[in-house]
Amino acid sequence: MADRTTTSDAAPALRERLVVGAVSVSPMLTFTVLISTTKSLTAAACAALIAAVAVSVWRVLTGRPTRTTVAVIAGVLLQVTFATVSGDAVNFFLPRLAWMVLWSPVQLVLILIGRAPLGWAVARLRGQPRTWRQCSVRRRAYSLASLLPWSLATLEMVVALWLYAHDQVALLGGTEVVTNIVHLLAFVAAWRIAVRLIGTHDAPDQPGLCGCMAEPGERFAGSR
Ligand SMILES: [Zn+2]
């Protein structure tokens, strides 16, 4: 009996994302708690940096990718710099806001031209060929399904901008923790929608593959 494309075989990868997400959010959470309780920007900034170092040590000890570890440290350094230089705690969230404002339209364009990030993410998680773009059924399915996470991300952006404009540091920090979880759930939901839309188009004995793709067994070595 053919195994259709499912999200269940990627459960370990999704669990890993959840664990990494929960740990990675700790510098931001530490900053939010400290600034709300002590009102001291110096204390909150130092605590956020200490938390970032702790996250990095954990990542190194558990053998997680170095590139992401460097990105975590760099991100927190940037946030702390924005907050301390401006003397305003709310600017800790400015780099993330800038990213959201940039990513929302970029993601929409990628969805509209049939290069939905969801398609790449699913192919990567399941170790499937990146040739999914050769299949019009798959392109359409990933684009349609991506509208869910895109809408949520855009809504999050609007809420975050409003909170930023109203100097709501605690709420900004709090919503970011919640949205981390929402992003993962939206990703899984979008994936399930895509699976439904692709349906029986998958080759019977090769989930994730179909006749549309040239050399279905091979990875796209040329593009990276
Ligand atoms: Zn196809």
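At what angle do helix α7 and helix α8 pack? I started my notebook with that one.

**Ground rules.** The model is predicted, so I noted that local features need pLDDT of at least 70 and side-chain atom pairs count only at pLDDT 80 or more, while totals for chains, interfaces and linings use all residues. Residues are numbered from 1 along each chain as its sequence is written.

**Entry 1: α7 and α8.** I looked up α7 (residues 136–165) and α8 (residues 169–198), and they pack at about 165°, with 8 Å between their axes. Axes here are lines fitted to C-alpha atoms, for helices over the stretch in contact, and the angles run from 0 to 180 degrees between N-to-C directions. So α7 and α8 are roughly antiparallel to each other. I jotted down the cut-offs: under 35 degrees is roughly parallel, over 145 roughly antiparallel, 65 to 115 roughly perpendicular, and the rest oblique. The crossing of α7 past α8 is right-handed. A crossing is right-handed if the near helix is turned clockwise from the far one by less than a right angle, and left-handed if anticlockwise. In the contact of α7 with α8 I find 23 nonpolar, 3 polar and 2 charged residues. Nonpolar covers Ala, Val, Leu, Ile, Met, Phe, Trp, Tyr, Cys and Pro; charged covers Asp, Glu, Lys and Arg; the others, Gly among them, are polar.

**Entry 2: Trp191.** I found Trp191 in helix α8. Is Trp191 buried or exposed? Trp191 is buried, because 23 other C-beta atoms lie within 10 Å. For the label, 20 or more other C-beta atoms within 10 Å means buried, 12 or fewer exposed, and in between partly exposed, with C-beta atoms placed from the backbone. I also checked Ala141: its C-alpha atom is 9.3 Å from that of Trp191, though the two are 50 residues apart along the chain.

**Entry 3: the whole chain.** I get 8 helices and 0 strands. Helices (H or I, at least four residues) and strands (E, at least two) are DSSP runs, numbered from the N terminus. Of the 224 residues, 26% count as buried. The C-alpha atoms fill a box of roughly 60 × 40 × 30 Å along the principal axes. Among contacts with a separation of 6 or more, 70% join residues 24 or more positions apart. Two residues are in contact if their C-beta atoms, placed from the backbone, lie within 7 Å.

**Entry 4: α2 and α3.** Next I checked α2 (residues 26–38) against α3 (residues 41–61): the angle is about 160° and the axes are 8 Å apart. That is why α2 and α3 are roughly antiparallel too. α2 passes α3 in a right-handed crossing. Residues in this contact include Phe31 and Leu34 of α2, and Ala47 and Ala51 of α3. By class, I have 12 nonpolar, 3 polar and no charged residues for α2 with α3.

**Entry 5: α5 and α7.** α5 (residues 94–112) packs with α7 at about 155°, axes 9 Å apart. α5 is therefore roughly antiparallel to α7. This crossing of α5 and α7 is left-handed. Among the residues in contact are Trp103 and Gln107 of α5, plus Trp150 and Glu156 of α7.

**Entry 6: the record.** UniProt (unreviewed entry) places "transmembrane region" at several stretches, including residues 68–85 and 97–123. Its positions use the numbering used here, feature names are shortened, and annotations may be inferred rather than shown by experiment. Over 68–85 I see 100% helix and 0% strand, with the end C-alpha atoms 25 Å apart.
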